[in-house]
Amino acid sequence: MRKPETTLDAVDQVHTLLFAAANDLTRYLDAPEDHFAPEYFESVKDAVLDAHMLVSWIKDRIKGDMQ
């Protein structure tokens, strides 16, 4: 994950990460039961955690702008 330059850039990154996680989970749900190893979910977890960090960064920026 790269550090965002603006709040809009961070929102775009969150959007991309969450869409990728949703696509990965959809692929898993549409697959045969034993098709994916547990390691498959590492990328989903990483995307969600990166999105979480970006939302925290956005919140801090918004708080700073309000002060």
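I take accessible areas from the Shrake-Rupley method with a 1.4 Å probe. The model I am looking at is predicted.

Surface. I looked up the total for the protein and got about 5,200 Å² of accessible surface. Carbon and sulfur atoms account for 60% of that area.

Burial. I then checked how much of the chain is covered: 25% of the 67 residues are buried.

Fold. I counted two helices and zero strands in the protein. I noted a radius of gyration of 15 Å, while the globule rule gives 11 Å for 67 residues; the value is well over the rule, so the protein is more spread out than a compact globule. I also looked up the extents of the C-alpha trace, which spans about 50 × 15 × 15 Å along the principal axes.

Contacts. I took the contacts between residues at least 6 apart in sequence and asked what share joins residues at least 24 apart. The share is 62%.

Charges. I listed 7 positive and 13 negative side chains in the protein. I find the centres of these two sets 10 Å apart.

Asp9. Is Asp9 buried or exposed? I read a relative accessible area of 15% for Asp9. Buried means under 20%, so Asp9 counts as buried. Leaving out residues up to four places away in sequence, I find that Asp9 touches Arg2 and Pro4.

Note on methods
Residues numbered from 1 in each chain as written. Predicted model: local features only at pLDDT ≥ 70, side-chain atom pairs only at ≥ 80, totals over all residues. Heavy atoms only, no water. Helix = DSSP H or I, 4+ residues; strand = E, 2+ residues; numbered from the N terminus. Rg over C-alpha atoms; globule rule 2.2 N^0.38 Å. Buried < 20%, exposed > 50% of the residue type's maximum accessible area, 1.4 Å probe, protein only. Contact = heavy atoms within 4.5 Å. Lys, Arg positive; Asp, Glu negative; His and termini not counted. Charge placed at Lys NZ, Arg CZ, Asp CG, Glu CD.
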